[in-house]
Amino acid sequence: MSPIRFIAVGSSLGGLAALRSLLGCLPPDFTPPIAIAQHRRPDADSRLSELLSKSCSLPVVEPEDKETLLDGRVYIAPANYHLLVEPGVLWLSVDAPVSYARPSIDVL
């Protein structure tokens, strides 16, 4: 794994353009994994990862619970789940919303 263990990014509901711009600047050999908490509606579908993939040279995925954190990937918190990062592992949580949001930037 690279010296940077991972990068955490938080984005409010209106931050899609900023996320696309940020991810679009990453080179294909960018190694630190990126975890993103994007505020969105609880019933939102998984098209956000597909949309962000179009702007990014790295794979953009919604992780499964207890998924291993891999270099060179972008992980976007699924709708209605908090995303937590432990050493080498991603966890999903349905704990109460924080500041009315789940996923919550504060939890990530």
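A residue is called buried when its relative accessible area is under 20%, exposed when it is over 50%, and partly exposed in between, with a 1.4 Å probe and protein chains only. By this definition Ser11 is buried, with a relative accessible area of 6%. The structure is a predicted model, in which local features need pLDDT of at least 70 and side-chain atom pairs count only at pLDDT 80 or more, while totals for chains, interfaces and linings use all residues. Residues are numbered from 1 along each chain as its sequence is written, and side-chain values use heavy atoms, with hydrogens and water left out.

The chain contains two helices and seven strands. Helices (H or I, at least four residues) and strands (E, at least two) are DSSP runs, numbered from the N terminus. Their order along the sequence is β-α-β-α-β-β-β-β-β. The radius of gyration of the chain is 13 Å, close to the 13 Å given by the globule rule for 108 residues, so the chain is as compact as a globular protein of that length. This radius is taken over C-alpha atoms, and the globule rule is 2.2 Å times the number of residues to the power 0.38. The C-alpha trace spans about 35 × 30 × 20 Å along its principal axes.

Of the 108 residues, 38% count as buried. The chain exposes about 6000 Å², and carbon and sulfur atoms supply 56% of this area. Accessible areas come from the Shrake-Rupley method with a 1.4 Å probe, and for residues only the protein chains shown count as cover. A contact means heavy atoms within 4.5 Å. Among contacts between residues at least 6 apart in sequence, 56% join residues at least 24 apart. The chain has 9 positive and 12 negative side chains, and the centres of the two sets lie 5 Å apart. Lys and Arg count as positive and Asp and Glu as negative, whereas His and the chain ends are not counted. The place of a charge is taken as NZ of Lys, CZ of Arg, CG of Asp or CD of Glu.

Ser11 lies in strand β1, which covers residues 7–11. Its side chain is joined to that of Gln38 by a polar contact of 2.8 Å. A polar contact is a pair of N or O atoms within 3.5 Å; within protein, one must be able to donate a hydrogen and the other to accept it, and residues adjacent in sequence count only if both atoms are side-chain atoms. Not counting residues up to four places away in sequence, Ser11 touches Leu16, Leu19, Ala37, Gln38, His39 and Ile105.

Leu52 is placed in helix α2 (residues 47–53) and is buried, with a relative accessible area of 0%. Beyond four places in sequence, the residues that Leu52 touches are Leu16, Leu19, Arg20, Leu23, Val60 and Ile76. Leu52 and Gly24 are 28 residues apart in sequence, and their C-alpha atoms are 8.7 Å apart in space.

Phe30 is found in the loop between α1 (16–24) and β2 (34–38). Leaving aside neighbours within four places in sequence, Phe30 is in contact with Ile7, Leu58 and Gly72. From C-alpha to C-alpha, Phe30 and Asp65 are 24 Å apart, with a separation of 35 residues in sequence. Val89 is found in strand β7 and is partly exposed, at a relative accessible area of 23%. Residues touched by Val89, not counting those up to four places away in sequence, are Lys66, Glu67, Leu69 and Leu84.

Asn80 lies in the loop between β5 (74–76) and β6 (82–86) and counts as partly exposed at 25% relative accessibility. The side chains of Asn80 and Arg102 make a polar contact of 2.9 Å. The C-alpha atoms of Asn80 and Pro103 are separated by 5.7 Å, although these residues are 23 apart along the chain.

Pro103 itself lies in the segment after β7 (89–93). Most residues other than glycine have a negative phi, and most peptide bonds are trans. The peptide bond from Arg102 to Pro103 is cis, with omega near 15 degrees. Ser99, in the segment after β7, has a positive phi of about 50 degrees although it is not a glycine. Tyr100 lies in the segment after β7 and has a positive phi of about 70 degrees, although it is not a glycine. Ser99 counts as exposed at 60% relative accessibility, and Tyr100 counts as exposed at 85%.
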